[in-house]
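Dear colleague,

Please find the structure handed over below, together with an account of what was found in it. I would be grateful if you read the account alongside the coordinates.

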Amino acid sequence: MKPAPFDYLRPASLSEALAALASGGDEARILAGGQSLMPMLNMRLVQPRLLIDLSLLDELRSLEARDGWLTVGAAVTQAELMARPTLAEEVPLLAAALPWIGHFQTRNRGTVCGSIAHADPSAELPLCLVALGGEVMLRSARKRRSLPAAAFFLGPLTTAKEADEIIEAVRFPLRKAETGHAFREVAMRHGDFAITACAAIADRNGLRLAVGGVADRPIARDWPLLAGAELDEALNAFAWDLGGDDDQHATARYRRSLVRRIGRTAIEEALACRP
Amino acid sequence: MTALKSAATTPQAESAAGPLVGRPIPRLEDTAILTGAARYADDLPVKPGTLHAAILRSPHAHAEVLGIDVGAALTMPGVAAIVTGEEAKRFASPFLVGVKAPMEHWCLAIDRVRYVGEPVAVVLAENRYLAEDALDRIEVRYRPLPPVTSIEQALDPASELLHPAVGSNIANTRNFLYGDPDSQFETAPHRLSLTVHYPRNSCTPMECFVVQAEYDPAEGGYEVLSNFSGPFAVHPVMARALNVSGAKLRLKSPPHSGGSFGNKQAVFPYIVLMGLCARVSGRPVKWVEDRLEHLMAATSATGRRMDLEAAVDADGKVLALRMQQTEDCGAYVRAPEPASLYRNHGNLTGAYDIRHLAVVNRIALTNKTPSGLNRGFGGGQLYFGLERLMHHIAVTLNLDPLDVIRRNLVPASAMPYATASGGQLDSGDYPATVEEAIERGGLAELKARRDKARAEGRLYGIGYAAIVEPSISNMGYITTVLTAEERRKAGPKNGAQAAATVAVDPTGGVSVSVASVPQGQGHRTVLAQVIADVFGLRLEDIRVVTDFDTAKDAWSIAAGNYSSRFAGAVAGTAHIAAMRLRDRLARLAAGQLNVRPEDVRFENGKVFAASNPENTLSFSRLAAAGHWAPGTLPEGQEAALRETAFWTPDPLKAPTDADHINSSACYGFIFDFCGVEVDRVTGQVRIDHYVTMHDAGRLLNPLMVEGQVMGGFAQAVGVALYEEYAYGEDGGFLSGSFADYLVPTSMEVPVPVILHRESPSPVTPLGAKGAGEGNNMSTPVCIANAVADALGIDTVTLPLTPSKIAALIDGEEPPRPVVAGAPPAPEPVKTAGGRGLSGEGSRTVPATPEEVWAILLDPKELAALLPGCEALDLVGPNSYRAEVVVGIGPVRGRYTAEVALSDLDPPNSLTLAGSGSSALGTGRGTGHVTLERTAEGTTVRYRYTAEVGGKVAAVGGRMLDSASRLLIGQFFDKLIARAGGPAAPAEKPSLLKRLLRLLGLAR
C-alpha cells in the first residue's frame, strides 16, 4: 500500500498553486487535509503526477462571517470550524453536524472544502451545504466563479469543478430569523459513513429536508409547513425518489425507511427549535 | 472494572507479603509498549542488500490462470526478480493437507486462482514502492470460472469444482454416533430443530504479517524471522513445502507482538513464499503485509452452518442431539484446518449433560480466503448453534430459558465429567456458578428493567449463554477427522507438549524462556510472578526472554501461543522447570547450611534453613557457586545452572476407535446474561447491561484475566453487531478497509460486569485454565439470544446490523406514490445483494433503428461511445480489444478490455459484452439492447448486469452501483448525442447534462 510516484509541490502563494494546477491539468490533484486523498493515494486508486498542497497557505485560512455568509477558506480544518465559539448562532446546522464527521483526529486534519471537493455521497458537509443553499467559490488561473451547492454535486466523487479549478472557499448562509435546524444521522458506528443523514430546516413558511447517503449525492426538497399524514406522504415520495442502493451494510429499503423516520424526527426537531 | 481500580490502589503490589501468583500485578511489558520502546517484527533491522517484496494477488474469486507476462515489470527500475508459480514448482512443494484429499495448495497459484487475494506473483525490488510500481505492470491472463460463494452452493453437486481432483466441494464428511440418539428421538415428547449460520469474521490484529527470509546455499537451509505465533505443528508443514528438514528451516520470532488472536498462524504460507523468493533471488527478502492484504487474504474464522435437532422432554431436558456441522474452510483446507471443526469435539454438548449424540461433520470448499486460527476457534460457531437451540427450546415449550439451562447443566456431583464424545470436564460447579452469577450480577433487577421497558412499548430482551471454554488443545484432536482405520495407518497423535527453560546466572539473576510467543497474554509479567515465587525473588530479578528461535530454544510441535494454553500449560511448565532447578539449588545449599534439602527455604533473596532462619546464604552467592566453583561441588552433585522441562497434560490421549476424544486438557465454565434494547425507529441494538461469570480455575493474575475478558468481549461485540468478511455473489471481496470491516471502538463496547469463581484444574501444574477465548464463544450468542427475546423472533443472523433488524421488525414498505398524469418513474435498481450489479433503462434517439444500428456496429463509432476509450482494435468478427480509462471522479484505472457484440438481430437487438482488468481490479458487464421504431425515432432499451472485482470492489462497495449507473449512462448519452438527438434524458436532466458538458460530450 504505497502510492505511485508523484511530485509534491507546496506553493508559496495561491497564484503559484493555480499556475501549477493549470499546467498540471488532469494529472494534478489538490491536497489539503488528506483524510480521503491519502488513503486513495496509498491504495493507488488515485495516481496523480503532481500533488499541490494547499494546507499551509495563509491566504486560504480565512474563516469569517460577513454580508450574510460564513465563508470558510480551503485550508480551514473541520476542527477549526467546530471550535468557532459563535458557530451555533451563525450556522446552527453546521454546529449540529460537525460532531458526526469522522472522529476528532480526522477533523483535526480534514478540511471543510476538502470534504466538499471529495463529494462522498454520505458526507455530512456536502449535505449541509446543499441543505443550506450554500455556495462553492471556485478559482482557476483563468477566472473565478461560484456555483450553488445543488449545481456543484453531480454524482459519487463527481463535481462540476473543472480540472484547473480549486475550491478557494465555501460559504454557508448565516442563520435567518425564525429558522430552526436539526441534524440526524444513522451510521453503523459513531463516525462511520452515514447510512442515511438528514438535515432539516424549518421557518414560518415551509420546510426543507436534505438527505445524504441515499442517492448518489445530497438532495434537498422543499415543502410547505406539512404535518401528520401529509408529511408522511411527502417523506415517502421523497424516499422513493432518492432510491438508494443495497450495499453490504444496509439495503436500499432500510435507507428509505430512515428517510421517512429520522427525516420526520429531524423536521419535528427543526420546527420545535425555531426561535 | 473493579480489578483495575484495586490494582491502581496497590501499585507496589509486589512489596506486599505473600506469593506474587494470584495478585493483580499490572503488566510489566506495558512500559515498553506504551512508550514506543517495544520493537516489533517490522522494526527489526534487515541485512544489507535485502529486497522488498510486493505480492500480486488475484482479483478473481475463481479463474484459470492462462498466462503471466512479467516482461514489462522486470524492466522497471529497482526490480531484481519476479517470482511466479513456475519457481514454486521448481523449488517448493504443495502444503500438506489435514484431510485425505488430492488437493494441491501451493504458496503461489499454479494454474488456477480460488479466492480474491490469492498470491499469483511476487515482485522483489529495492524498496516496497518500486515493487508496487512493477506489480501494476505484470499482465496475467485469466479465464473466469463460476464461483462457489456459500455453504449451500458447495453442498450442491452441480457447483463448479474448486479442486477437480477432489471430485466434490465437500472435502470431507464424517459421521459420529455416541449413545443411542435414535431411540431417544423415537420416544421423546418433543423434537425441535433449528438451522443457524455463523459468518466469516476475524479478530484483526493491529500488526499485520511480517517475514524476513534468507537462504543459505552453503547449508542448503532457510533462516526466517517472522511474527508467526504457532502452533509449531505447522513448522514441519513449512519445512516440507520448502523441501528441507525442520532443522534447515530456522524460524525466529521477535520479542514483541502487535496482536495475533491466532491470526499470526496464517503467516506460514508467506514464510514459505518468502523463503522461495530468497532462494530465487539469492538475496534476503522482507515482506510486510498491508491492511488491504490482511483483510482480503490473510485468514478468517470459518463460516459454519449448523442443522440442529433435539429430543427434549416436557421440562426442557435434552435427551439427545443431532447436529450437522458444515464448515466453510474457504478455498483450501490449510493447516491446521479442519481444526476449527474438531477443536470442540470433546465438548460438543457444551456445559450440558447430554448422553446421546449424533454428529455429521462436513468440510465445504468455497471461493473465499482459507480459514484459520482466530480467538474462540470453533467455539463461537458451536455455541451459536447450541445456545440458540437452548433458547429455541425454551421459547417453543414456553419455558424460562434459564430453567432450560439449569435442567441441562452437568451437576457438580458428576465432576470430573466424561462427555458423550469423550471430553473430560475437569472441575467446577456449574449450577452453583450460575446461581452466584444471577445473584451477584443482578438478574432480578435486569428482569424488572425489561418488564418496565416492555410496559412502555419498547423492545427489550434478555439473553443467556452457558458454555465450557476449552483450553490446551490435544494435538490429536484433528485426527478425529480421519477414520479409525486411517488413524491407525498414520500413527497415534496426542498430548500438548509445552517446554520451558529456567537458568540462573553467576550474579543470581534468573532467566526464563518458553516455547510460546507472546501476543498480549502478559508473558513477561506472569512468568516473572511464577518464577520469582519459586526462588523467593523479586519480579525485577527475573528476566523473561520473549523472543524465540527454533534452532536454540526447546520446543515441540505443540509450541506456540494458541488454544489458551499459556496460563495452564506454559506458565505451569515454567513452574516445573523452576522447581527442579530450585530442588538442585536446595541440595547445594543443604550442604553449606548443614541441613536436609527439604528444610531449605527461599525467601526475600535469601536461602536459609527452615528451622533456623539465621542460618542463611544470599541467593546470588548460591547461584554463583555452580558457575565459579564446579570443582568443589559435593560428590555426585550437578551444578544448578539451567533446567529445561517438557510437560504434557496426562488426560490428552489419541482418539479412540469409537471416536471418543478429549480434545482439550481443561475446560473452564462461563455463564453470561445480558439485557439489550432494540431501537424501533432505526433497528439499532444497544447493550444495556452485560454480566459475564467465569470459572477459569486458579487465576495467576486477576488483572490480566480481566484484560483478557475485556478484550474477548469487545471482539465478541464486533462479531455480534458489526463484523463480517462480506463477499458478493460473484465472489468479490467487499470488506477491504476498516471503513467496511467494522471493528467496534470504545464508543460501541460497554463495560461488562466481570465475575469469577475459582475451581482449580486438577490437570495443570498451577491449577489454571485458559480464560482468554471464552467471551468470543459465549458473548455473540448471548447477545443474539437477547435480541431474539426482544423481538420475539427465532431468526437472528450475525452480525445483527440495524438494516437486518429493521427488515425483521418493519412491516411492508409504504408503496411508491403514483402521481397522476406523470409517467411511471423507473423502479430503483434492484440488486440481489453483493456486488452483482444490474439495472435497466431506456432512451429515445432521434434516428431510425437502422441508423442507430449502423453506429453500434461501426468500430470508430463504438470507440467514441465507450467511456474513456483510447483505442479499439478489431480482433475478430464483431470483437475488439480496447484500451479504456474508466473512472469516477479522481479514481481512474486503465483497463485493457475485450469487447464483443453478439446475438445480432439487425436492426432490432444485440448484446454488448465487455470485460477488462487493471491494477484496480476487474470489471465485466453485459448489456442487452433492443431498438424499437417509434414516431420520434428509436426507443433504445437496455438491460445490464455487471460485476466489479478486486481492489475497487473491496474498498469502494458503497459507491459501485451509482458509479456503474454513471458509466452506463455516459455510454447511452453519447449514443443519443451521436445519433443527433438531445443529450438530455427524461429522468435526471440536470445531472447528466452537466456531466456531459463536463466531459465535453454535449453542448
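How many of the nine residues of helix α8 (residues 124–132) of chain A are buried? In this model, which is predicted, nine of the nine are buried, and the helix is thus described as mostly covered. The buried residues of α8(A) are A:E124, A:L125, A:P126, A:L127, A:C128, A:L129, A:V130, A:A131 and A:L132. Just after α8(A) comes A:G133, with a positive phi of about 70°.

Chain A

The domain assignment of chain A gives domain 1 (7–53), domain 2 (58–173) and domain 3 (180–272). Between the centres of domain 1 of chain A and domain 3 of chain A, taken over C-alpha atoms, there are 35 Å.

Chain A contains an open sheet of three strands, in the order β1-β3-β2 and with parallel pairing. Since β1 (7–9) and β2 (28–31) of chain A stand at the edges with a single partner strand each, one side of each is left without a neighbour in the sheet. From one strand to the next, the twist averages 25°. Strand β2(A) is joined to strand β3 (residues 50–53) of chain A by four bridges, and the two run parallel. Within β3(A), A:D53 is the residue that stands opposite A:L31. Helix α1 (residues 14–24) of chain A lies across β1, β2 and β3 of chain A, and runs at about 160° to β3(A).

Chain B is divided into four parts: domain 1 (46–164 + 208–281), domain 2 (412–474 + 663–811), domain 3 (497–647) and domain 4 (836–998). The centres of domain 2 of chain B and domain 4 of chain B, taken over C-alpha atoms, are separated by 50 Å. Their contact takes nine residues from domain 2 of chain B and nine residues from domain 4 of chain B. On the side of domain 2 of chain B that touches domain 4 of chain B, the residues divide into two nonpolar, four polar and three charged.

The largest nonpolar core has 396 residues, and those with the most contacts inside it are B:C277, B:I531 and B:A574. Helix α18 (residues 566–593) of chain B gives the most to this core, namely 14 residues. Leaving aside neighbours within four places in sequence, B:I531 is in contact with B:V502, B:V510, B:V512, B:I542, B:A574 and B:A578.

Chain B: strands

An open sheet in chain B is formed by three strands in the order β4-β2-β6, and here the pairing is antiparallel. The edges are taken by β4 (112–113) and β6 (139–144) of chain B, each with a single partner strand, so one side of each is left without a neighbour in the sheet. Strand β2 (residues 63–69) of chain B pairs with β4(B) in the antiparallel sense over two bridges. The residue opposite B:A63 in β4(B) is B:V113.

Strand β27 (residues 664–678) of chain B is mostly covered, with 15 of its 15 residues buried. Which strands does β27(B) meet through bridges? Strand β18 (residues 459–473) of chain B is joined to β27(B) by 14 bridges, and these two run antiparallel. There, B:Y464 stands opposite B:F673 in β27(B). Strand β28 (residues 685–695) of chain B is joined to β27(B) by 10 bridges, again in an antiparallel arrangement. The bridge partner of B:V676 in β28(B) is B:I687. The hairpin of β27(B) and β28(B) has six residues between the strands, and B:G683 in this hairpin takes a positive phi near 75°.

The contact between the chains

How many residues does the contact take from chain A and from chain B? It takes 45 residues from chain A and 51 residues from chain B. On the side of chain A that touches chain B, the elements giving two or more residues are β8 (153–155), α10 (228–242) and α11 (252–272) of chain A. Of the elements, α11(A) gives the most to that side, with six residues. The residues of the side of chain A that touches chain B divide into 22 nonpolar, 11 polar and 12 charged.

With kind regards

Definitions and conventions. Residues are numbered from 1 along each chain as its sequence is written. Chains are lettered from A and ligands numbered from 1 in the order in which they are written. This is a predicted model: local features need pLDDT of at least 70, side-chain atom pairs count only at pLDDT 80 or more; totals for chains, interfaces and linings use all residues. A nonpolar core is a set of buried Ala, Val, Leu, Ile, Met, Phe, Trp, Tyr and Cys residues joined through C-beta atoms within 7 Å. A residue is buried if 20 or more other C-beta atoms lie within 10 Å of its own, exposed if 12 or fewer, and partly exposed in between; C-beta atoms are placed from the backbone. Two residues are in contact if their C-beta atoms, placed from the backbone, lie within 7 Å. Domain bounds come from an automatic or database domain assignment. Ala, Val, Leu, Ile, Met, Phe, Trp, Tyr, Cys and Pro count as nonpolar, Asp, Glu, Lys and Arg as charged, and the others, Gly among them, as polar. Two strands pair if DSSP finds at least two bridges between them. Axes are lines fitted to C-alpha atoms, for helices over the stretch in contact, and angles run from 0 to 180 degrees between N-to-C directions.
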